[in-house]
Amino acid sequence: CLENTDPRMRGRGIQLLSQVLLQCNSLLQEKEVLHLVLFYENRLQDHHLVIPSVLQGLRALSMCEVLSPGLAVSVLKAIFQEVHVQSLMQLDRHTVYSIITNFMGTREEELKGLGADFTFGFIQVMDGEKDPRNLLVAFQIVHDLITKNYALGPFVEELFEVTSCYFPIDFTPPPNDPHGIQREDLILSLRAVLASTPQFAEFLLPLLIEKMDSDLQSAKLDSLQTLTACCAIYGQKELQEFLPSLWSSLRREVFQTASEKVEAECLAALHGLSACLSRSVLSSDTEDLLDSFLGSILQDCRHHLCEPDMKLVWPSAKLLQAAAGASLRAYHRVTRSVLPLLLEQYTKHPQSSQRRTILEMLLGFLELQQKWGHVEEDESTLLSLQAPICSVVFSALTDPSVQLQLVGIRALIVLGSLQGFLSPSDLELVVDHLIRLALHEEDSQSSEAAMEAAGSLAPIYPKVFSGRMVPRLEEELQSGRAEREEESSRDHCSLQQRCLQALAAVSIHTSIVRETVPVLLQHLRKVQKGSKARNAQDMVSVCQSLHRVALQCQQDAEGCWYYHQTVVPCLLAMAVQAATQESTHPPLGKALLEEEVLAAMVPVISAATTHLSPELAAQSISHVVPLFLDGEVSFLPQNSFPCSFQPFEDGECLEAQRRLVVLLMAFVCSLPRNVAIPQQERLLRELLALSCSCNCPFTATTAAKCFAGLVNKHPAGQQLDEILQLAVNRMEPGLAEGPRRIQALTLLLWVRPALDAGRGERQGGRPGADSALPAQVTKALVLRYHPLSSRLTDKLLGLLGDVELGPAAADGFSLLMAESPDVLHKDCHADVRIMFRQRFFTDNVPKLVQGFHGAGPDVKANYLKGLSHVLNHLPKPVLVTELPTLLSLLLEALSCSDRVVQLSTLSCLQPLLLEAPQIMSLHVDTLVTKFLSLASSPTMAVRIAALRCAHALTSLPTTVLLPYKARVIRALAKPLDDKKRLVRKEAVAARGEW
């Protein structure tokens, strides 16, 4: 066959041999490889029909490890001489590139022995290549030729020409391209070649300058990005000749372009040029190219800075900042010329808008100094201009213009971050300005910005802020002015609240926390003793500030422990004091026992506990649990109370004490899982009894949540099973009948999700009045689902058919699926199974659907509500896969009169319209009718949701929507006149899309 006179037959014979070699090349011996190579080299002179099979064989041989020295060179020489590569088919050309790649990987030194002949041979092979699949390989070969120091000889320009002819890449992949080659792949591969050697500079830079003038934005961007890449390896020798032309092109683009992308790339390229010139080592006989280059930039841009109202002021400032940001040397050169000019212009222009522009430019140069940290005394322009810069910034802070104040505050933060720039007297002035802006500035933007600035600077200068700002804020709180001004102020944020917010904002450093926390607690005691109706809201404000401080302390172990042992006992003592003063009418501190105040204390205690080390947490819990179980108050400050503290005892007079179980919940449910809770079994039984017997919904819910949080972290075993069985035995009779069905349902909703988590496998969620189910990370070792889990779920599903409890049970599904803010979530170290929502969906939605079909007309709405809640919290990719079977029920839920069902269903449908338009298109008639009907709902939230869904309908195929266009536009005219602004806003957006 190999000797057949028919070239097709010879080709088939060689093809068979080549396929065999591709499979067994690793088994060949050295002599066998030698003979095969000689044979294949000879066959390269055969008929052109044979060549593709010969190349396949040579590719197989190029992968042999036993290839004799010199054979790789021999094969490549034969290919270069005998094969006109570009006349071959794409696959065969790819085979040639593969042979070269294989030899470059294994026979590098041999190929380098060819010198420039190898480079010339490859240039001939690549010249004229057009297929993107081959170009990716060819570009990589060129890149390796250059970076691995193969000899280019006199063929540098030829190598550049054979690759640069593809620049800029103009390639659009065909639809459904199986190879997956994107335009960006080719761009990056070619850029790596062009920017791989300074030898290309004399050819590449004129090309880049030419392409920068192109009308195509893609060509501009590619040229600029390539220039930036080249600057990383070029020196001033390569750039010197082209600097004026490059600067001219960059300046023109920044001054004239309307494209933010082009502007950004121009600035990046200028930054790269400046950085490249900054790396040059100066000698006495060479010109400082950086200095002359920056001189050109200053000459062309500096005068525009004197025209703050003209359009070229910002482009000029950006160009100067891009050049200055490349190196410290460039920064000093530019700022020596620019900063005095800007300071002079600020003084010359009295208008606030002009001053704001000038100060923002000044701020840009100040921010660049942050890159190099400490201000150098010997050559820094900043230090020589310290006084005028501070004067300008301080004057901006006192300007009536809010926008100028905001820029001044940003500048203040930058100046404060420059070590050694602000003198002690300047720092005191900074603090005074921040206090004035934070407390007395009418505009809330300036006030909030000043507080943020104080928070940024306080860790840098803790002594100044703790010694000057904290006492001033304390004085404002203690004086009566806060209350008097509060009464006359039109601003919703009173002076008192601003003081509290400012104290929290500066509490970043531990030394400051030690000053601010006592001030906040003292103010809380003062508010508690007052008798005004606003006391509750004032106490909530203090708690919000304490919570912010707690969050800021969490990452510092020392600050966290100080905060915990200072704040938690104090809050507990105040609450116990208020709860035990039942004999006073009205009791002092009664506001402290209101639900909103206790709810505000929960996150404070929780945040103070979650980040404690296990040792410190164990030390703290050893005091708190005995306080609630045994009335042990000795660890509390000011612990002389009117009567004993017994929150778990019976008696109507102890109702106030029972409310404090919410603080116990905040503490024990935030502990790490490895902290042992003393008397845990007794505590669980007391909580269980309280949740089932208490008449106060707040207390009953709190006890159920606390019980669930403890069960969640309880180790699996007999003790857990016993306490859970006890809970079920208490719940089931209560659910059946009697006055405490709601309490029993609340416990069911909380214990059911805690069950799975407590065993380490978590499926459900948590209902309760205001929280949500578990977190999403469980123990590494998980046990099976507890046998009671499915039993309690079925009990909850059964309650949907109950006329009295059905609506509440249906709402429970929302709480089961949602995230919890206070107990069962990962920040509180709760034990949670990932993907619990998907598992709950799989296990229970079929039962919901079945229950709906079998339910009576008076309770069908309960099943729809439960289903809607489950689907609304399900990850959308999961929901899309189940959509065909559930969509009919969702559409039926839109007809339900229950507002909660409508809102939940609309919230579920809106993302589905965007993510599954094909499926939703099948029901477009029903969807349009329902959404337009609900757009007239008496409930504002439903109207808004319906209009958003009507807006989302426009993502369906146009051919589907056209028959409904006129009808929808007419119907959406009515909500345009809705009395609520938010409804009108959604109506405008939806009608505009239609």
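Author: Helices here are DSSP runs (H or I, at least four residues), as strands are (E, at least two), numbered from the N terminus. The model is predicted: local features need pLDDT of at least 70 and side-chain atom pairs pLDDT 80 or more, while totals for chains, interfaces and linings use all residues. Residues are numbered from 1 along each chain as its sequence is written, and side-chain values use heavy atoms, with hydrogens and water left out.

The whole structure was searched, and one cavity of 30 Å³ or more was found (a cavity is a set of points on a 1 Å grid over the protein atoms alone where a 1.4 Å probe fits but cannot get out). The volume of the largest cavity is about 30 Å³, taken as the space filled by probe spheres set on the points, which are joined across faces, edges and corners. Its lining (residues with an atom within 4 Å of a point) consists of L848, V849, F852, Y863, L864, L867 and L889. Helices α41 (836–854) and α42 (860–872) each supply at least two of the lining residues. The lining has seven nonpolar residues and no polar or charged ones (nonpolar: Ala, Val, Leu, Ile, Met, Phe, Trp, Tyr, Cys and Pro; charged: Asp, Glu, Lys and Arg; polar: the others, Gly among them).

Next come the salt bridges. The structure holds 22 of them (a side-chain nitrogen of Lys or Arg within 4 Å of a carboxyl oxygen of Asp or Glu).

One joins D978 and R943, at 2.9 Å from N to O. D978 is in the loop between α49 (965–971) and α50 (981–993), and R943 is in helix α47 (residues 940–952), so this pair ties together parts 35 residues apart in sequence. Both D978 and R943 are buried (under 20% relative accessible area; exposed is over 50% and partly exposed in between, with a 1.4 Å probe and protein chains only).

Another joins R468 and D432, at 3.0 Å from N to O. Here R468 belongs to helix α25 (residues 462–478) and D432 to helix α23 (residues 424–440), so the pair ties together parts 36 residues apart in sequence. R468 counts as partly exposed at 28% relative accessibility, and D432 as partly exposed at 22%. A network of salt bridges links E428, D432, R468 and R472.

R107 also forms a salt bridge, with E110, where the closest N and O atoms are 3.6 Å apart. R107 is buried at 13% relative accessibility, whereas E110 is partly exposed at 22%.

How values were computed: On a 1 Å grid over the protein atoms alone, a cavity is a set of points where a 1.4 Å probe fits but cannot get out, and a pocket is an open set with protein on both sides within 12 Å along at least five of seven lines; lining residues have an atom within 4 Å of a point.
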